[in-house]
Amino acid sequence: MPYHFLDVASTPNVRLAQAEMGADQIWLGDHHRESDSFTESELAFIAARDSFYIASVSETGWPYVQHRGGPSGFLKAVDRKTLAFADYRGNRQYISTGNFAANDRACLFLVDYPRRARLKIYMHVEKLTLDADPSLTDLVFDAGYRAKAERIFRLRLEAFDWNCPQHITPRYTEQEVETAVTPLRERLTQLEAENAALRARLQALGEQ
């Protein structure tokens, strides 16, 4: 069975590079991995992300990688083969938007730094106006997020794969740090109160 993600990624030069590094034998034979439909694992991972990177290619062949961010879960699963997100106003260069008009292929890179996990996804991108599909707009729009949505991108899955955790340095958001240290702060406050009570009791005993 084919390893579809690698089928998409491989070219004659990729296979030549593998051979030059002695890695071509690794990918011979049966390396089938389901990658044409998201499982619960991928859907949960996607729903927890507050950012990702998306790569496009221009008509001149130059790649472009852009960071996309928003509230956790802003990249929505429409179904097991489709994702969508509201495209919020940024620096107004519109490089990715222009590239997708000529070539709808994209690669998404999603990283969970604390858990050292990363998911890479090949997708086909379709640009929609905000009023093109009201149900989709309702799905991706977050009224509490203070940013101007300019369009919707709907993405159709081609293949996905998980990367190994090697070389991922754990990093934590402010909220993750706050969540981790809150119990410590609460315990410290409790201990300080107990110490103050003990000092007061000892002082009272000493004055008797």
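Is Ser10 buried or exposed? Ser10 is buried, since its relative accessible area is 16%; buried means under 20% relative accessible area, exposed over 50%, and partly exposed in between, with a 1.4 Å probe and protein chains only.

Before I continue, a word on the basis of this talk. This is a predicted model, in which local features need pLDDT of at least 70 and side-chain atom pairs count only at pLDDT 80 or more, while totals for chains, interfaces and linings use all residues. Residues are numbered from 1 along each chain as its sequence is written, and side-chain values use heavy atoms, with hydrogens and water left out.

Let me return to Ser10. Ser10 sits in the loop between α1 (4-9) and α2 (12-20); helices (H or I, at least four residues) and strands (E, at least two) are DSSP runs, numbered from the N terminus. A polar atom of the Ser10 side chain lies 2.7 Å from the backbone oxygen of Leu6. Leaving aside neighbours within four places in sequence, Ser10 is in contact (heavy atoms within 4.5 Å) with Arg15 and Gln18.

I turn now to the domains. The chain is divided into domain 1 (1-32), domain 2 (33-170) and domain 3 (171-207), with bounds from an automatic or database domain assignment. Taken over C-alpha atoms, the centres of domain 2 and domain 3 are separated by 43 Å. Five residues of domain 2 are in contact with four residues of domain 3. The size of an interface is often given as the accessible area lost when the parts come together. Here domain 2 and domain 3 bury about 400 Å² between them, 53% of it on carbon and sulfur atoms; this is the area lost with a 1.4 Å probe, summed over both parts. On the side of domain 2, Tyr113, Pro114 and Pro170 lose the most area to domain 3, together 74% of what that side buries.

Finally, the interior. A nonpolar core is a set of buried Ala, Val, Leu, Ile, Met, Phe, Trp, Tyr and Cys residues joined through side-chain atoms within 4.5 Å. The largest such core has 23 residues, of which Phe38, Leu108, Ile121 and Leu155 touch the most other members. Several elements supply at least two residues each, including α3 (40-47), β1 (51-57) and β7 (149-163). The largest share, five residues, comes from β6. Not counting residues up to four places away in sequence, Leu108 touches Phe52, Leu75, Met123 and Leu155, among others. Another core, of eight residues, lies apart from the largest one and includes Ala84, Tyr88, Leu136 and Ala149.

Conventions:
Buried area is the accessible area (1.4 Å probe) that two parts lose on being put together, summed over both. A polar contact is a pair of N or O atoms within 3.5 Å; within protein, one must be able to donate a hydrogen and the other to accept it, and residues adjacent in sequence count only if both atoms are side-chain atoms.
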